[in-house]
Amino acid sequence: MNTQISKITGLIVLTMALLIGCGKSSDSEKDSTDSEEEKQELTDFEMTNGIGPVDEEITIEEIDTELAKEGMRVFDMKCGACHKLDKRYVGPPLGGVMNARTPAYVMNMILNPEEMLKKHPVAKSVGSEYPTRMTNQQLTREKARAVVEYLAQESQ
Amino acid sequence: MNKLLKKSLLWPLAAVAAIGFLSVGCSSNGEFGSSSDAAEKVYVAPGEHDEFYGFFSGGYNGQLGVYGLPSGRHIYTIPVFSQTPTNGYGYSEETKSMLQTTDGFVPWGDAHHPELSQTDGETDGRWVFMNENNTPRVARVGLDEFKTQEIIEIPNSAGNHASSFVTPNTEYVSAATRFSIPMDEKNMENMDVSIDSYKENFKGTISFIKVSDKGKMNIDFQIMMPGFNYDLSHAGKGPSHGWSFFTSYNSEEANTMLEINASRNDKDYIAAINWEKAAEYAKQGKGKMMPGKHYRNYIDHEEGGVAKSEVIEKVRVLDPRKLEGIVYFLPTPKSPHGVDVDPTGQYIAAGGKLSTVIPVHSFAKMEEAIENKDFEGKEQGIPVLNYDSILHGEVENPGLGPLHTEFDGKGYAYTTAFISSEIVKWDIETAEVVDRIDVYYSPGHLMIPGGDSQNPDGKYLVALNKITKDRYLPTGPEMFHSAQLIDISGDKMKLLLDFPTEGEPHYAQAITADKVKERQKRFYEIDDNNHPRATKSEKEARVERDGNEVHVYMTTIRSHFAPDNIEGIKVGDEVYFHVTNLEQDWDVPHGFAVKGANTSELLIMPGETLTLKWEPKKPGVVPFYCTDFCSALHQEMQGYVRVSPENSDTPISYGTGE
Ligand SMILES: [Cu+2]
């Protein structure tokens, strides 16, 4: 009986070791190829406008002040605990963000932060400067659009 | 060995099954409980979901345990009748009113029978109701949040055991007294009388709680009953829709040494209640509005998530001696415990603890006997039907101490036998035993998913055993109760799995995961947070003094509090930390604990506001921190409050990151 049990234990240990082994190796393979492949997969549109639900260019010419007001309310509630306009906080300052990024890029960053931080080279590089990762605050597309209007107003 | 290894890699499941098989074979119990494919049948691969949610009452822990089936994995515990340190339920300012009663704040409860809401006689996944035995209460748990949303107290009752069973469309939840008490018939008041005046003064009540579409509970009527002990219940369905059945024991009306004195009569009764007729009487204003002070406590997220209590002074009481046709007694052998109605609604099975048979009454025969006034007499003014006239059959040789029965929807019933530690399967039509299986040990209730509804999922059965002894590693004099999963898909029952359960599950119910899973709330939208002291942005975070009350309006997000430095608090202050979690991400609560608090921590769900009351007793600087490991920088999620002596003039000041 004893030898039988030790054989079985051995079998379990070996089986587990091998299964875990397999899982790990396939994971790390994926990790090492991820960045290379996905950088190449980004289209020119995605490089400029980010990856996510916003797949068309958005232009802001004249600020819609009503929309910007709603944007400020949403920003304070969903973004303001981590982003200030004028200084580095949990995340980067956003007072001039619309001078550096397109509206679609910022919207995709709000609506799809997980994928942006994983795949977009610009988001990845900014993200690497901050210890806390940006979270998804579940904004609707309309709310994200309003936030962008507010940030555009603040970037003027 | 190599050959074996290769095989096991190709079929890991088979290997697990084989290991399960062999290790069971070696168990010291000697019994060969499990079949070789048992492991495969209960195996849920990592990342996969169970087929069923099982809801197990926690008995004397007052909670509701959630287990996955068939794996037996414990997935959650929902706080219901007891204060819970895990998330501050019953401690926080928002939830403590949930435990308010006419006896004041009652921080503990004895939870017995969870019951899933039903639509058209089928479990629908909206709510689970559960009774509290000691301080008579019924709770409603919302399966969108897995939170207790309402608790209603049952007045004119002592020991709310025969509860909380639902009618086929959740029209009503029923509740009946386990202990009768002396009740003045004029004002329903408990009386200061000699205990041995039992026969003269003691009464019971059966209550019907109406449930609205949104779940709101109110006691529509109570029925005044003879002073027996009412034990369990189930509602009729199909042809018996409109009726509910309640077991009673102690028809001897003994008040001492019940184990002898309440076992004298050959038969006690099942009370058949025509609730549809009673509801009509109630609607017509029949019966009497009587004193019946009770609390209704509820918590509604749309209304701010702060529990509210209302006190209701009166309740309608119906007297079955005056209102004809609402109560009949069905004589039933020897202190019946469970009463269970089969899925077709035609048969009513009782578990007579001390009986040598399981009596099965026929609803059609019962109706006929009522029609023909085929009574063997009256008991305190209530007609008693003739046993032989209403009997469908008696199941012979059902094991010792039959207690509870559930159904598989394929014509079979399954009854627990407590004393002989077995489950007995019998054919409902022929009343003949067709199979039996040993369980370990002494089963109370048993459960089949949907097993008391019109549409059971007759795949698994769970035996809820009362005695565990040698089933797991010993843990001192007490061990967790043992549940056992049994495969009932074939002709022969097969034992698949043992799993320990918390507290003492009495009854349990289960539902297919699909009916529940898709309706889960993942976070509360912060924009819709209507809490009167919510802080919806870090900008609004602040500290306000109002006399010796200090209100801290605090926000959390990974991984900081705002404010995280607070000064100007003084010894003797009542400090309220109103903490709003600004996260909007699934499963990212933050915790809040402050040194010296006399309650528990808070666990604040994304988008939610909760309040901890703190009364600092000593000057100094006191840390607070997040108790929930929320991010890589969780350990940085902390802050300080400076507490100055009572007569100091340190001004209120606060900030984060300055
Ligand atoms: Cu935290």
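In chain B of this predicted model, B:Ser164 sits within strand 10, which covers residues 158-166. B:Pro563 belongs to the loop that runs between strand 38 (560-562) and strand 39 (565-570) of chain B. Another backbone detail concerns B:Met257, a residue other than glycine whose phi is positive, near 50°. B:Met257 is placed in the loop between strand 16 (243-249) and helix 5 (258-261) of chain B.

For comparison, the ideal angle for four tetrahedral donors is 109.5 degrees.

Two packed helices are described by the angle between their axes and the distance between the axes. For helix 3 (residues 65-79) of chain A and helix 8 of chain A, the axes come within 7 Å and cross at roughly 105°. Helix 3 of chain A and helix 8 of chain A are therefore roughly perpendicular. On the helix 3 side, the residues in contact include A:Leu67, A:Ala68, A:Met72, A:Val74 and A:Phe75; on the helix 8 side, A:Ala146, A:Val147, A:Tyr150 and A:Leu151 are among them. By class, the contact of helix 3 with helix 8 of chain A holds nine nonpolar, three polar and five charged residues.

Helix 5 (residues 103-111) of chain A also packs against helix 8 (residues 141-155) of chain A, at an angle of about 130° and with the axes 9 Å apart. Helix 5 of chain A is therefore oblique to helix 8 of chain A, and the crossing of these helices is right-handed. Helix 5 of chain A contributes A:Pro103, A:Val106, A:Met107, A:Ile110 and A:Leu111 to the contact, while helix 8 of chain A brings A:Arg141, A:Ala144, A:Arg145, A:Val147, A:Val148 and A:Leu151. The contact of helix 5 with helix 8 of chain A comprises nine nonpolar and two charged residues, with no polar ones.

Conventions
Residues numbered from 1 in each chain as written. Chains lettered and ligands numbered in written order. Predicted model: local features only at pLDDT ≥ 70, side-chain atom pairs only at ≥ 80, totals over all residues. Heavy atoms only, no water. Axes fitted to C-alpha atoms, helices over the stretch in contact; angles between N-to-C directions. Helix = DSSP H or I, 4+ residues; strand = E, 2+ residues; numbered from the N terminus. Parallel < 35°, antiparallel > 145°, perpendicular 65-115°, else oblique. Left-handed = near helix turned anticlockwise from the far one by under 90°. Contact = heavy atoms within 4.5 Å. Nonpolar A, V, L, I, M, F, W, Y, C, P; charged D, E, K, R; others polar.
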